[in-house]
Amino acid sequence: MTTASTRLEARDVTLGYEQRVVAEGLTLAVPDGRVTVIVGPNACGKSTLLRALARLLAPSAGTVVLDGGDVRGYRTKEVARRLALLPQAVEVPDGISVLDLVARGRFAHQRMLRQWSRDDATAVRAAMAATGVDELADRGVGELSGGQRQRVLLAMVLAQQSGLLLLDEPTTFLDLAHQYEVLELCRRLNRERGDTIVAVLHDLNQAARYADHLVVMSAGRIVAEGPPAELLDAELVERVFGLPVQVIADPVTGSPLVIPLPGLDAGAGPGAGAAAHAGGAP
Amino acid sequence: MPVLALLGCAGILIGSRVIDPATAWQALTAFDRADDAQLIVRELRVPRTLLAMLVGAALGAAGAIMQALTRNPLAEPGLLGINAGAGAAAATGIGLGFTVGAFGHVLFAFAGAAIAAVLVAALGGAFGAGSDPVRLTLSGAALSVVLGAYTQALLINYPSVFEDFRFWVVGSLQGRDWELVPAAAAVIIPTLMVALLLTRSLNAAALGSDLGRALGADLRRTWIVSALVVIVLCGAATAAAGPIGFLGLVAPLAARQLAGPDYRWIVPLSMVGAAALLTAADVVARVVTPPAETRTAILMALIGAPVFIAVVRRRRLVRL
């Protein structure tokens, strides 16, 4: 591992719900000021890891360290001032306006009595400008397109001013153009504001393209991490996802491009022989 | 607020005997015990109107908070059986002979409200991951029926309790003691303050439990404090006026229509709105079937039931 500084890390954590262990012995240091993307098959523990990093789930063993202290030692508000999480499915209250929703990102900065300060107004305005939703301020969130809605939600967690954003599958439920709109936005927030971003993504090619640091999980373990170009090869993808693939350099961006080869598997005959054949194709 | 003030005046002036404003003013500023009309104002109308406002505000706030907590547009102290619980416990108290003034009622009503709240939450799966509005409402209805039957059985078997209890259980502001007002105020007003302090956390909670906590809200604390507030408000209101249904449903829904989904507005508006509505219902109750009086709760049901049906039919029971 590099010597890059980190504000947030998981140290040998075991995670689960009640009796069921979802992930064991996870150790991950989130590099500051970079885009980290977590990928892996369904139910491999990606979202669970994200929830643990955000202190929404207490590890049954190990610790999550945030800014040098055990995350469980902080008060809820303190955690919220240091990191923000956008869950996968957000239930937006009926009839709420864009401005009101973004303003709810300021909860952790407000006090019982002095409820709305100039800092709050500045932060909300900056967050809306950064995500390009300032012109939507008075619109109802319910009437927005999927991409606009996701940008508004990003503005809300940006208004938290934590500098550390955890995003759980921010592109699900979006059509293709809006997926890239959101991913570009995340990269811009990282490049221009220096925000640290950790995102769980489903699409390997999007992950390879937007991640500085890629984390590959499988069955509750981190099986590989590092820069996507060094990490992603056909062997790894097949091992983790159980799908024969070919990996080439994206002709446009140069990042690894994963090309699934399921048809060859089925067409070339039974089982392992076909997979080996596909793996050796290049 | 102006509407509430106006209704307050109406509450003092209108009744089976209409009193002119000058007399009422005299009764408040220069009381003359010999004057019948002034006596009515001082001893009956003023406490009754104040009580209507207190009870209304309590039920309105409790309804708004319950809707926020359960994310259920049908959550309401009446529908969820909390008022029935307070009623059954108070009846038990009276039956057992513990009628130590206004506070005795209140204590039993608190206990009943708390037990009913826990029961209905457990039955309705509110402690589980995703609470279902329909299941919660059905549990409340079922619990109300059971507790209602228990209360009835108690009344039939202990006729002595019956007289004491008869007016109270239907929900009426008629014939309540003056001494109830300061007692109810002492409990309800501070609790309403706490309710107002909760509103920002309720806003965060409305975004779902993960996001709410990620935004910095201590949702466990919010839940506990909110539940206590609801139990105290419902217990106090029910002890003071008997079970009054639908008010906690109608007022928050109207407030939400008016102010949008922001609980910093919904909760105070529900308080004021419900106080106004109950005061108005109480005035109407006095004049609709002269010279007798209709029970306030019956009027509330007349107003509230259509709203309830409209919500069920129109909103597909969206979660809040």
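Me: How much area do chain A and chain B bury between them?
Reply: This is a predicted model, in which local features need pLDDT of at least 70, side-chain atom pairs count only at pLDDT 80 or more, and totals for chains, interfaces and linings use all residues. Buried area is the accessible area (1.4 Å probe) that two parts lose on being put together, summed over both. Carbon and sulfur atoms carry 57% of it here, and the total for chain A and chain B is about 2,200 Å².

Me: Which residues of chain A lose the most area to chain B?
Reply: Three residues together make up 31% of what the chain A side buries. Residues are numbered from 1 along each chain as its sequence is written. The three are E91(A), R104(A) and F107(A).

Me: Which residues form the salt bridge across the interface of chain A and chain B?
Reply: A salt bridge is a side-chain nitrogen of Lys or Arg within 4 Å of a carboxyl oxygen of Asp or Glu. The rule finds 1 across this interface. Its closest N and O atoms are 2.8 Å apart, and the partners are D210(B) and R51(A).

Me: How are the ring planes of Y180(A) and Y210(A) set: stacked or tilted?
Reply: Rings of Phe, Tyr and Trp (its six-membered ring) pair if their centres lie within 6.5 Å; planes under 30 degrees apart count as stacked, over 60 as edge-to-face and the rest as tilted. The centres of Y180(A) and Y210(A) are 6.2 Å apart and their planes are at 50°, so the pair is tilted.

Note on methods: Chains lettered and ligands numbered in written order. Heavy atoms only, no water.
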